[in-house]
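Work through these exercises with the structure open. Try each task before you read its solution.

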Amino acid sequence: MTTANDPAEPVHHDSVATVVRQWRSVHPGIDTAPMELIGRVNRCAALFQQAEDAPLRRGGLSRAEFDVLGALRRTGDELTPGELARETYSSGAAVTKRLRRLQERGLVERRTDPHDRRVSRVTLTAAGTALVDDLLPDQLSYESTVLDGLPPDERERLVGLLGELLGQLEGRLGGPRY
């Protein structure tokens, strides 16, 4: 736990540190360690979410729409809307809405499964494939620029720690285990 009174601990100057200091003034002695970690992960995620949409806007896509297209591209398969929901950590209703917009733009096609007419199969069109392949290098370059402030060894360390945390959470709270 990082404490303002312990000179051996680093002092953070971010928005979560301010929240932690405020809670400690209201509840001295409270253990804010979970808040310090989860709060920072959540705040980083929110900021990444805002920032990462910038390159995708060039292609007229939201992050969520790009995630659907990316799931179809990287798996190379036809996927059902339910499979896309699992791949993108989205609700079925949200995927349905995204698919409708993507289909209107000619980026995906839906077809009825010949073995079960209640199920639809979704594939990328040639235009959808081209758009993903065009945007991905720019997106990765932009994300690399966003992370430039962290030295490569610190990035690797953070990737490892977050990978461990994610694996534990997926094991306990549900989600894909690869």
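**Exercise 1. Locate Asp113, decide whether Asp113 is buried or exposed, and list what Asp113 touches.**

Step 1. Find the place in the chain. Asp113 sits in the loop between β1 (108-112) and β2 (120-124). Strands are DSSP runs of E with at least two residues, helices are runs of H or I with at least four, and both are numbered from the N terminus. The model is predicted, so local features need pLDDT of at least 70, side-chain atom pairs count only at pLDDT 80 or more, and totals for chains, interfaces and linings use all residues. Residues are numbered from 1 along each chain as its sequence is written, and side-chain values use heavy atoms, with hydrogens and water left out.

Step 2. Apply the burial scale. Buried means under 20% relative accessible area, exposed means over 50%, and partly exposed lies in between (1.4 Å probe, protein chains only). Asp113 has 8% relative accessibility, so Asp113 counts as buried.

Step 3. Look at the side chain. One of its polar atoms lies 2.7 Å from the backbone nitrogen of His115.

Step 4. List the contacts (heavy atoms within 4.5 Å). Leave aside neighbours within four places in sequence: Asp113 then touches Val119, Ser120 and Arg121.

**Exercise 2. Describe how β1 and β2 pair, and sort the residues of β2 by face.**

Step 1. Check the pairing. Two strands pair if DSSP finds at least two bridges between them. β1 and β2 have 5 bridges and run in the antiparallel sense.

Step 2. Pick a partner. Val108 stands opposite Leu124 of β2.

Step 3. Sort the faces. Ser120, Val122 and Leu124 form the covered face of β2. Arg121 and Thr123 form the uncovered one.

**Exercise 3. State where Tyr89 lies, and give its phi and its exposure.**

Step 1. Tyr89 lies in the loop between α4 (81-88) and α5 (92-104).

Step 2. Its phi is positive, about 55 degrees, although Tyr89 is not a glycine. Most residues other than glycine have a negative phi.

Step 3. Tyr89 has 58% relative accessibility, so Tyr89 counts as exposed.

**Exercise 4. Which helices supply at least two residues each to the lining of the largest pocket, and which gives the most?**

Step 1. Name the helices. They are α2 (33-58), α3 (63-75), α6 (126-146) and α7 (152-173).

Step 2. α2 gives the most, with 14 residues.

Step 3. Arg40 is found in α2. Arg40 is buried, with a relative accessible area of 19%.

Note on methods
A polar contact is a pair of N or O atoms within 3.5 Å; within protein, one must be able to donate a hydrogen and the other to accept it, and residues adjacent in sequence count only if both atoms are side-chain atoms.
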